[in-house]
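Trainee: I am new to this structure and would like a close look at one part of it, the packing of its helices. Please set that part in the context of the whole chain.

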Amino acid sequence: MSAGRKQWIGLAVLVLPVLLISVDLHVLSYALPFISADLAPSGSQLLWIIDIYPFMLAGLLLPMGALGDRVGRRRLLMAGAAAFGAASAVAAFSPSADLLIATRALLGVGGATLMPSTLSLIRNMFHDDGRRRIAISIWTGAFAGGAMLGPLMGGALLEHFWWGSVFLANLPVMALLLVLAPLLLPESRDPRPGRFDLFGVALSLGAILPTIYGIQHIAQDGLSGPPVLAIVAGLVSGAAFVRRQRATADPMLDVRLFGSRAFTAAVTANTLGVFAMVGSSLFTTQYLQMVMGARPLIAGLYALPSAGTAMLAAGLAPILVRRIRPGLVVCAGLLIGASGFALLSQLEVTGRSGLLIAGIMLMAGGVTLVLTVSADLIIATAPPERAGSVAGLSQVATEFGGALGISLLGSIGTAVYREHLSDAGAPAAARDTLGGALETARQLTEPDATALAAAAREAFTQGQHYAMIAAAAVLCLMALLAPVLLRSVRRASRPQPEPDQSGRHAMR
């Protein structure tokens with residue numbers, strides 16, 4: 001079997017955890033009404049059920065990437081697969097909101113070992129720039145496709161099983177990965193890894209988690225002492241982390257990379273693209289089920305066109321950057337995504353399925369184009385021995401963007417929702433979430449029940465309107481900056497042919 005063929009088969013194995021982690025970021029969306037009815041979480045608990053998984057991913061991806069450089073990326077991948085499967089089994093049978101939050105946190109720890117391992121293995125398996133770019137486009141397509149297909153899988157499961165089934169679906173994929181990884185993936189590590197910085201790990205967690213917690217609670221509950229102190233503590237920890245990385249002989253992250261405008265622009269575009277995409281899914285999934293009244297499976301089917309668009313955009317990205325400067329490709333992707341959010345901001349309580357599908361398709365296609373190009377720009381900076389830490393940074397940008405999107409866009413929607421229901425004189429139990437309001441309405445008699453449900457759906461739609469406008473504005477601003485910040489990045493070269501066994505060159 002030729003080396004090229006082994007690389008592509010290995011890539012197919014690496015796509016499995018990427019697809020699963022992306023699905024797991026979104027599969028819970030359609031289960032939220034069922035979780036609300038079964039576990040009765042508060043508004044804050046409901047946000048943490050969603051948030052804690054990407055928060056833990058964001059906090060641990062960088063140290064896990066550095067750990068993979070030291071202990072071996074394949075070994076870390078397999079350890080993460082085992083941990084992810086075990087946490088999934090526990091999460092499926094959680095009897096309380098607090099335990100579900102805890103198990104989602106453990107899933108985040110397991111997921112943090114998987115993502116940088118896959119991307120750093122790609123960096124070490126594909127040394128030719130053109131072939132690496134194609135491999136990353138497939139990797140990104142799997143991640144984006146999982147984001148769109150997660151709701152479909154969740155909807156299909158929820159048609160026939162309880163909400164915990166969305167976690168049990170992880171088990172066969174993790175089992176398959178544990179069987180195939182030692183057979184098909186090469187082991188790689190830094191030959192001179194240096195000392196692992198445990199204090200740096202603590203500082204990175206101390207920077208990310210308190211900052212997002214504070215932002216979420218200020219947007220949700222208003223300006224108060226504890227959230228402000230949390231943000232200050234996070235910023236202080238972040239500054240200490242950067243200072244330590246500059247001073248230590250064996251840094252988890254080479255902060256000198258941020259001296260490159262192109263590298264910084266790629267990380268920022270990656271973060272903002274995921275910020276918008278993940279934050280929007282919090283609204284569109286609830287809109288489909290609780291405003292339009294679609295059953296979980298039908299709601300999941302709405303994601304199919306956007307999944308196709310996302311995978312098409314990922315496939316087009318390596319072709320476009322050979323003909324157009326990457327800065328312009330990123331700009332175009334951001335503007336396409338922004339146009340999708342502009343359409344989503346026009347949704348009404350009466351439901352407009354065509355507008356919804358068109359908006360999600362544009363959003364998914366544009367953002368996936370940005371993610372594919374930016375992921376390659378980030379990982380291309382990594383020497384093979386440091387691929388894990390740079391891959392971890394790439395995924396920190398992705399997961400931090402997703403967590404921030406849920407926190408900020410979700411909090412904008414929640415603030416508008418609460419204001420509208422307060423003005424309508426709705427009971428306090430209905431002001432946390434739309435699911436809570438509809439459950440409260442079921443306990444009332446007519447005409448109060450109908451009036452509360454209608455007011456809650458209208459308030460949610462208004463909150464969605466403002467959140468989508470905010471997402472579109474963020475993408476438009478970055479679209480203006482991308483061509484300037486990435487102007488030094490030239491068009492990509494074509495993939496180089498690999499020599500066949502007779503010494504001639506052949507494209508595979």
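**Helix packing in the chain**

Mentor: Of the 508 residues in the protein chain, 58% are buried. The model is a predicted one. Its secondary structure consists of 18 helices and two strands. Among contacts in the protein chain with a separation of 6 or more, 83% are between residues 24 or more positions apart. The chain exposes about 19200 Å², and 66% of that area comes from carbon and sulfur atoms.

Now to the helix pairs. Two packed helices are described by the angle between their axes and the distance between the axes. Take α13 and α15 as the part for a close look. Helix α13 covers residues 304–323 and helix α15 covers residues 353–379; their axes come within 8 Å and cross at roughly 35 degrees. The crossing of α13 and α15 is right-handed. On the α13 side, the contact is made by P305, S306, T309, A310, A313, A314, A317, L320 and V321. On the α15 side, the residues are I357, I360, M361, A364, G365, T368, L369, T372 and V373. Sorted by class, the residues of this contact are 13 nonpolar and five polar, with no charged residue.

A second pair can be set beside that one. Helix α4 (residues 73–92) and helix α5 (residues 97–125) have axes that come within 8 Å and cross at roughly 155 degrees. Angles over 145 degrees count as roughly antiparallel, and α4 and α5 are therefore roughly antiparallel to each other. Their crossing is left-handed. The contact of α4 with α5 has 13 nonpolar, ten polar and two charged residues.

Two loops between helices complete the picture. One runs between α10 (225–247) and α11 (261–291), and A249 lies in it. Is A249 buried or exposed? The cut-off for exposed is over 50% relative accessible area; A249 has 69% relative accessibility, so A249 counts as exposed. In sequence, A249 is 54 residues from R195, while the C-alpha atoms of A249 and R195 are 8.7 Å apart in space.

The other loop lies between α17 (434–442) and α18 (448–485), and P447 is in it. Most peptide bonds are trans. The bond from E446 to P447 is cis, with omega near 0 degrees.

Conventions:
Residues numbered from 1 in each chain as written. Predicted model: local features only at pLDDT ≥ 70, side-chain atom pairs only at ≥ 80, totals over all residues. Heavy atoms only, no water. Helix = DSSP H or I, 4+ residues; strand = E, 2+ residues; numbered from the N terminus. Buried < 20%, exposed > 50% of the residue type's maximum accessible area, 1.4 Å probe, protein only. Contact = heavy atoms within 4.5 Å. Areas by Shrake-Rupley, 256 points an atom, 1.4 Å probe, with all protein chains shown as cover. Axes fitted to C-alpha atoms, helices over the stretch in contact; angles between N-to-C directions. Parallel < 35°, antiparallel > 145°, perpendicular 65-115°, else oblique. Left-handed = near helix turned anticlockwise from the far one by under 90°. Nonpolar A, V, L, I, M, F, W, Y, C, P; charged D, E, K, R; others polar.
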